Amino acid sequence: MDTSRRRVLQLLGLSAAALSAPPVLDALAAGPPAAEPKIGTAKEALTARQWAMVIDTRQFKSEADVAPLVEACHKIHNVPKFDFKRWEIKWLWSTHYEQAFSGTTSTRFLSEEVAHRPFLVLCNHCENPPCVRACPTKATFKRESDGIVMMDFHRCIGCRFCMAACPFGARSFNYRDPRPFVKETNQLFPTRMKGVVEKCNFCNERLAEGKLPACVEASEGKLKFGDLFDEQSEVRELIKTNYTIRRKVNLGTEPAVYYIV
Amino acid sequence: MLELAIKGSKRYYGWIALLLGLAGVGFLVYLKQLDFGLGITGMNRDVSWGFYIANFTFLVGVAAGGVMVVLPYYLHDYKAYGKVTILGEFLAIASVVMCITFILVDLGQPMRVMNVLLYPTPNSVLFWDTVVLNGYLFLNLIIGWNVLEAERQGVHYQSWLKPLIYISIPWAVSIHTVTAFLYCGLPGRGFWLTAILAPRFLSSAFASGPALLILLCLIIRRVSNFDPGWKQIQSLAVTVAYAICINVFFLLCEVFVAFYSQIPEHMDHLKYLFVGLHGHGAYVPWMWASMTLMVIGIILLVNPVTRKNELTLIVGCICVFFGCWIDKGMGMISGGFVPNPLHEINEYIPTLLEGLITIGVYALGFLVLTLLFKIAVSVKEEVRV
């Protein structure tokens, strides 16, 4: 009895090996694997070592000055509009000096003009981003080529560790399916599904086509965008010739958004 | 040994049915959450972790607390704990099961959870938390099961278990240290940015875990023929007494640093929790309840007269357990997120639905705990006879 059982098992094992042999042999016999498709760069694409933004806050007087920028950003990126605050999603928004620079600079006895000025806030695309450090799946990552902190909406597991790690509150989570709340869908940019995190991407999809970020384009010169490490760039020139501040520099994340106050 | 779990009294089956019912309700509500998204919870853009992660954090502590019986028995040869080590290990298993379930129900895209292993990211603390929690689960399963099986057969457990037992001791410390590192390594979250967070987590773990174990031992004494032993319970009570004192001491250290340095980013979270900030103070009564419970716990457990009295011991342990639960569960997470990085206040209040899911997860954990304890107690009864 035992011998026959052993025999049956042997036969089963042999047949399994025989059945699995062809695909294995095929794989070994096949030539070198076809070269992986390469992602090229368009000729007109804008490139940089580290993209940076300079916001000339002196030119923003009221909400009317920032609304078109926010509108442009949220429209092309299919950012949903919720009336219920808990589900709110925002990539670019305006706040007061006191909020934008809490813990950074003195916010007491401000000049009335500054206190009333709207301050645009967005992802800072930090040179040393804590959100990237926190992400357990590399769904958020710093692109080597130009320093943009990007999101892979298809890899994100929705653990929201990046939201806890971000010291600027720049990230939003899709607490429900956002698609019904996008008024007009821009077919050129992906919509998101529920359960993933999203944030400003410095318009990497536009840079690839040689266009400046949507908010910069809509700002009529109030926002400047360029390579932080190019001495000739407009942003470097502005930083050199103006007194600029950044949010929470004491944390060492090296934000790439500079404010002229 | 599994068969022991399905041979029980009517009362036992009634309890199992109740737990299954609660877990079932939780599961149905979870299906709703899966369909709609995490929008059914009270979480928002500012408080992006809530009740699930709070309970996860607390239960990692309960799991780590089991080591307080394993360590004296295996390292110091404290023979008396031979009767209760298995209970500590099985409590750890049930707690880790709850921890992992809480993480899963908190994920926005749970079906993608394997991405953590597909794209391992050593710079993420969450990756390490996955590793240590699952490791701890398997260590306790293997050790607990084999030691109990050996006891049932009347033989000494296999020698290859010994290294695993030794590894499990620092491993218990690691699960709660790594869990604390989830929080305390984040720039710009003043409430969590403190090197004492991991020690604080451990001290509350070594208070709440053994406190629960004492209560469970007392229940086992009532409902079974196995007596975990009054001496063992008393030794555990001493552990709880020391741990809860250290926990409160650590908390006071935090309060001192925040309020003597007067750094707003560190003070404001504590102010929000204990006295309210800019008119917002949903957690104020809870935090004071937590402090009161922990102080009552200290008084009842440090004083030998009340510690040796069964009734006051029970009250003391319940106080310690719930005091730690409020402090570490509700306060730790909400307090860290409010005020937000822009110094705005958006309070977080859990919703009924997320409460039901939470109860469901607890029911699942207690189901696992009941089955494991039933097996352990049945073996002990067998061996004694």
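Colleague: What covers the buried residues of helix 3 of chain B?

Modeller: Keep in mind that this is a predicted model. The cover over the buried residues of helix 3 in chain B includes helix 2 (51-65), helix 4, helix 7 (161-184), helix 8 (197-223) and helix 9 (230-261) of that chain.

Colleague: And which residues of helix 3 are the buried ones?

Modeller: Helix 3 of chain B runs over residues 67-75, and its buried residues are B:V67, B:M68, B:V69, B:V70 and B:L71. After the helix comes B:D77, which has a positive phi, near 55 degrees.

Colleague: What does its radius of gyration say about chain B?

Modeller: It's 21 Å, and a compact globule of 385 residues would be near 21 Å, so the two agree. The C-alpha atoms fill a box of roughly 65 × 50 × 40 Å along the principal axes. Buried residues make up 49% of chain B. Of the chain B contacts with a separation of 6 or more, 78% are between residues 24 or more positions apart.

Colleague: Which residues touch the most other members of the largest nonpolar core?

Modeller: That core has 181 residues, and B:A63, B:F90, B:C99, B:V240, B:I244 and B:V320 touch the most other members. Helix 4 (residues 85-106) of chain B gives the most to this core, with 14 residues.

Colleague: Let's take B:C99. What is it in contact with, leaving aside neighbours within four places in sequence?

Modeller: B:C99 is in contact with B:F56, B:L59, B:V60, B:A63 and B:L133. B:A63 is also among the residues that touch the most other core members.

Colleague: Switching to packing: how do helix 6 and helix 14 of chain B cross?

Modeller: The axes of helix 6 (residues 125-153) and helix 14 (residues 352-384) of chain B come within 9 Å and cross at roughly 25 degrees. That makes helix 6 of chain B roughly parallel to helix 14 of chain B, because the angle is under 35 degrees. The contact is made by B:L148, B:E151 and B:R152 from helix 6, with B:A376, B:V379, B:E382 and B:V383 from helix 14.

Colleague: Left-handed or right-handed crossing?

Modeller: Helix 6 of chain B passes helix 14 of chain B in a left-handed crossing.

Colleague: Now chain A. What does its secondary structure come to?

Modeller: Nine helices and ten strands for chain A. Its radius of gyration is 25 Å, well over the 18 Å the globule rule gives for 261 residues, so chain A is more spread out than a compact globule. Along the principal axes its C-alpha trace spans about 95 × 45 × 40 Å. Buried residues make up 41% of chain A.

Colleague: Where does A:T191 lie?

Modeller: A:T191 is in the loop between strand 6 (172-173) and strand 7 (197-198) of chain A.

Colleague: Why does A:T191 count as partly exposed?

Modeller: A:T191 has 17 C-beta neighbours inside 10 Å, and 20 or more would be needed for buried, 12 or fewer for exposed. Leaving aside neighbours within four places in sequence, A:T191 is in contact with A:N78, A:P178, A:R179, A:V182 and A:T185.

Colleague: And how far apart are A:T191 and A:V114?

Modeller: They are 77 residues apart in sequence and 36 Å apart in space, C-alpha to C-alpha.

Conventions
Residues are numbered from 1 along each chain as its sequence is written. Chains are lettered from A and ligands numbered from 1 in the order in which they are written. This is a predicted model: local features need pLDDT of at least 70, side-chain atom pairs count only at pLDDT 80 or more; totals for chains, interfaces and linings use all residues. The radius of gyration is taken over C-alpha atoms; the globule rule is 2.2 Å times the number of residues to the power 0.38. Two residues are in contact if their C-beta atoms, placed from the backbone, lie within 7 Å. Helices (H or I, at least four residues) and strands (E, at least two) are DSSP runs, numbered from the N terminus. A nonpolar core is a set of buried Ala, Val, Leu, Ile, Met, Phe, Trp, Tyr and Cys residues joined through C-beta atoms within 7 Å. Axes are lines fitted to C-alpha atoms, for helices over the stretch in contact, and angles run from 0 to 180 degrees between N-to-C directions. Angles under 35 degrees count as roughly parallel, over 145 as roughly antiparallel, 65 to 115 as roughly perpendicular and the rest as oblique. A crossing is left-handed if the near helix is turned anticlockwise from the far one by less than a right angle, and right-handed if clockwise.
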